[in-house]
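Morning, everyone. I have one structure to go through today, and I will keep to what can be read from it.

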Amino acid sequence: MTSVAPFLIFYIGGLLAAATGGRLRQAVLLATPVVGAVNLYYLSQGSSGVLELFDYTLVLARVDKLSLVFGYVFHLAAFLGAIYALHVSDRVQQVASTLYAGSSIGAVFAGDFITLFVFWELTAVTSVFLILARRSERSQATAIRYFAIQILSGMLLLAGILTWVSHTGSIAFDYVGLDAPGGWLILLAFGIKCAFPLLHNWLTDAYPEATPTGTIFLSALTTKLAVYTLARGFPGTDILIYIGATMTMFPIFYAVIENDLRRVLSYSLINQVGFMVTGIGIGTELALNGTAAHAFVHIVYKALLFMSMGAVLDRVGKIDGSELGGLYKSMPITTVFCIVGAASISAFPLFSGFIAKSMILSAVIKEGHLAVWLFLLFASAGVFHHSGIKIPYFAFFAHDSGIRVKEARPNMLVAMFLASCVCIGIGVYPEPLYRLLPYEVSYEPYTVSHVLAQLQLLFFSALAFVVLQLTKLYPPELPGVNFDSEWLYRRLLPRTARFLLEQASHLGVKLERRARIGLGRWVERVFHLHGPQGILARSWQTGSTVFAVISVFVVVLVLSYF
Amino acid sequence: MIEAHLPALQVVLPLIAAPLCVLLRHAGLVWLFATLVTWASLAVAIALLQQVLAGGVIVYELGGWEPPWGIELRIDEANAFVLVIVASIAAVVMPFAKRSVADEVEADKIYLFYSMYLLCLTGLLGIAITGDAFNLFVFLEISSLSSYVLIALGKDRRALHAAYQYLILGTIGATFYLIGVGFLYIATGTLNMVDLAERIPQVQDLQSVHAAIAFILIGIGLKAAVFPLHLWLPNAYCYAPSVVTAFLAATATKVSIYVLLRVFFTVFGADFTFGVVPMTAILMLLGGAGMLVGSLVAIFQTNAKRLLAYSSIAQIGYMVLGLAIGSVTGVSAAIVHLFNHAMMKGGLFLVLGCIVFRSGSTLVRDLAGVGKSMPLTSAAFVVGGLSLIGVPLTTGFISKWVLIEAALEEGYWYAAVLVVFSSLLAIAYVWRVVEVAYFQEPSREVAALREAPMILLAPTWLLILANIYFGVDTSVTLGVAEQAARTLIGAGP
């Protein structure tokens, strides 16, 4: 059995999907990830694709344990996504998602910088169609912003790579580190895709605007590709520990006050990626194992959550927490799946989040980062609040909004069912996943202390709700949102957060206005010079042109005597 | 027997064919004849390139007269490559020309058109092939005079004015070149490039030699439309017949850049050009400004043809920048971009030719919705535009990659930044056209347009696909360019 570079199968699948229609296309879309996975299995038995270009040797398929974990889970996500999107008959979207998955997989298996850069850009180009495919004016604007930022990341990467290559002469993509020439540029490029704090806005901007099915692919691939590249290029880089810890913290506040449930999930996605980034920053074997494991399970349960919200959006047509509620009556099966996802992300024992997140936490405490550990612990509690309770609560319970719709589409249910099986399966029996990890695992998740600690964390945060609920500390003025007694935020949290955010946004508005005026002036000036009637663009009189030529000549003549 | 005389044939073939066109007169026959001649020229050019790659420099004495009395044709990798670029564009454009020219040029002038076309081809090939500085001037005039006529044949009345302005500036350019050569002749007593190269180092302190290089830079810079000597170009490209625009944009400026390379490296030698005269600074300034201003102006243009014309000025900036860097990598970047830019601009102007053929207008607003009614034509524009931007897997990417590599090798990081920034601007102006073509509702006239005929689409797509092919397989283009760069830089004293 000869195997080919993994991305090729998706590209061929994408082309076939573009050429076919109806049932045939559905078959192609489903078969592509399966064939890809089989190919990958054989590929993992040894052999690698190499291509000669310019004077360089491009490694199209570097297969080792780190790339394999990500490769497999990307295939899994592509498969789940394909099932979930099976009912869609939108050629653009389906071809784009297949090519996008292929590009991400291509990037994961890239053994050199050139290949990495090409696929890095291709993921941006292909994924933007998943946002455009929503075909609303808002999504168009979002798509353009998204695309610009992704291209910026690519440009930074290119600059970093060129610096690196011109200094070292090697294009192999291995450990880079910050001291290397171009290291910072490369880190920044990865950081943008990874949604580092302050570089994250594209994510929360774009993911909620994509199509219900497109978001599944987006949430699974882009940031996790960045996590992979960070794990490859910057393991053990201290600054990542703190970046990661920040990433776990700040989205919580946003997630709590956000109304659009898919945006809540986007924030929580950043929070989850923060755990992985911290793991990479720690850089020990246990931490990197934890990162890989967490990426694996995270892709599945995050996809599951997005799927359940996508199903709601698909049936109801809106996804604002304040307008939903009581959907468990009409979508009971989706509700169950959503709760499975919520339990997984909250790291309940016996669900997949538990066996991975605890690895990173253990690694952090082992290296003596107590403060970071406490941060992460707090963040875990926060996850439980906004993803574990808020999402299912607002969508399916809360006060009955009176919406009555049909249960989610069968193919969506199948996809969610499979994802739930993976979540629970891994949670109960983690050994197969552990065997996939980059390093030998000697980690036992189900010890008494682990389980107890996690349960304590979860139960005490639940208890906190109950106490706050009984003492009626709940802020009453949240407009348009009918919070019933079961649901409590800590009172200070949203208030301070909102206050701070308001201040920040005032400042932001001011700065933006300034920037806009400045930019406007600048554009005017550029236009004045370069616009159709500008001096640089209009047609000159023949005499003036000759004068210009002579002037240039005189300057050059004078210069040539120096 | 015939192989030995290929260098002469390369020039003589179109030169003799041009007056024969006038004798034939019948439009269809003339076209057929001219097409065959261009194809034969291409065959000769390819054969020459193969000979050079296999056996090194070819020296051919015209009429058996030895230099310094006779004129010498001298072909190394650099000009053999340029010959192939010119001849292949000329050959690919011809099939397109039949219907496009019939549509855009008055019927009783069509035979003159092809006659001029062949003369222009003669001039361009001659400039590339000759080893004699004065002979180069003669060919320069042949190509220039014929191109003024070609531009003036445009349907729009403004074509006449554009041609007139080009005539004035072109003549100044040629005169400047001649003055420069005159200075050199006085200083050295020879016009043969190889002899000049040997003697210039002995006289390099003479002020007249310094003046000579300034005159030649401005003279050829005018023909190459190096910013800010580009003022003739936008109108000339905009109002000329589509075929002429595609042909000239892809060849004429490229040949001039080649002349700069030849004069700087072979005749004056790198030591004089970059060591004695601060040519790096001058060229980098001109190239950088061209990249920036050309791209910015292109963004605001309302006519797609003019937009591409300004983009050409920016692209010429890339070549000048490569030349300014002056290293092997830099010069190969310039040379490979000669080829790559010929493919993209040739292709893109042919796309506009297809649109003119159907709708008669290249105003950006008249392109609204053309993506629906002329899908193949519009798709060609998108692919060509991607190459212009420099997206990976296109030729544009290869050019920029090599250019940035060259800039970083020599430590000109700001030049690299400028290249990247200018590509970002390219996204903007390409996107403007794409957005109008695909995302705006077509007017009734546009909706009624039919796809361009096959005979126009085939040459267009041939050039467009060349962008993809040579973007992936760079062994030919980049390989030859690098060899040419080595020869050029090594050839100087």
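Before anything else, a term: pLDDT is the predictor's confidence in each residue, on a scale from 0 to 100. We need it because this is a predicted model. For chain B the mean pLDDT is 89, and 99% of the residues reach 70 or more. For chain A the mean is 82, with 92% of residues at 70 or more. There is a stretch of chain A to treat with care: over residues 474-491 the pLDDT stays under 50. The model still has 25 contacts beyond four places in sequence for those residues. As for the scores of the model as a whole, ipTM is 0.80 and pTM is 0.62.

Now chain B by itself. What is it built from? The count is 21 helices and two strands. Of its 493 residues, 65% are buried. If you take the contacts in chain B with a separation of 6 or more, 81% of them are between residues 24 or more positions apart.

Helix α16 of chain B covers residues 375-389, and helix α20 of chain B covers residues 454-472. Their axes come within 10 Å and cross at roughly 30°. Angles under 35 degrees count as roughly parallel, and α16(B) and α20(B) are therefore roughly parallel to each other. The crossing of α16(B) past α20(B) is left-handed. Which residues meet there? From α16(B), they are Leu376(B), Thr377(B), Ala380(B), Val383(B), Gly384(B) and Ser387(B). Facing them from α20(B) are Leu457(B), Thr460(B), Trp461(B), Ile464(B), Asn467(B), Ile468(B) and Gly471(B). By class, this contact of α16(B) with α20(B) has seven nonpolar residues, six polar and no charged.

Is Arg365(B) buried or exposed? Arg365(B) has 12 C-beta neighbours inside 10 Å, so it counts as exposed. Arg365(B) and Val433(B) are 68 residues apart along the chain, yet their C-alpha atoms are separated by 8.8 Å.

Helix α9 (residues 212-233) and helix α11 (residues 261-282) of chain A pack at an angle of about 20°, with their axes 10 Å apart. By that angle, α9(A) and α11(A) are therefore roughly parallel to each other. Their crossing is right-handed. Among the residues making the contact are Thr215(A), Ser219(A) and Val227(A) of α9(A), and Arg262(A), Leu269(A) and Ile280(A) of α11(A). The contact of α9(A) with α11(A) divides into eight nonpolar residues, three polar and one charged.

Last, the place where the chains touch. How many residues take part? On the chain B side there are 33, in contact with 29 residues of chain A. The elements of chain B that give two or more residues to this side are α6 (158-188), α8 (207-224), α12 (279-299) and α17 (395-409). Of these, α8(B) gives the most, with seven residues. By class, the side of chain B that touches chain A has 25 nonpolar, six polar and two charged residues.

That is what I have. Questions are welcome.

Terms used. Residues numbered from 1 in each chain as written. Chains lettered and ligands numbered in written order. Predicted model: local features only at pLDDT ≥ 70, side-chain atom pairs only at ≥ 80, totals over all residues. Axes fitted to C-alpha atoms, helices over the stretch in contact; angles between N-to-C directions. Helix = DSSP H or I, 4+ residues; strand = E, 2+ residues; numbered from the N terminus. Parallel < 35°, antiparallel > 145°, perpendicular 65-115°, else oblique. Left-handed = near helix turned anticlockwise from the far one by under 90°. Contact = placed C-beta atoms within 7 Å. Nonpolar A, V, L, I, M, F, W, Y, C, P; charged D, E, K, R; others polar. Buried ≥ 20, exposed ≤ 12 C-beta atoms within 10 Å, placed from the backbone.
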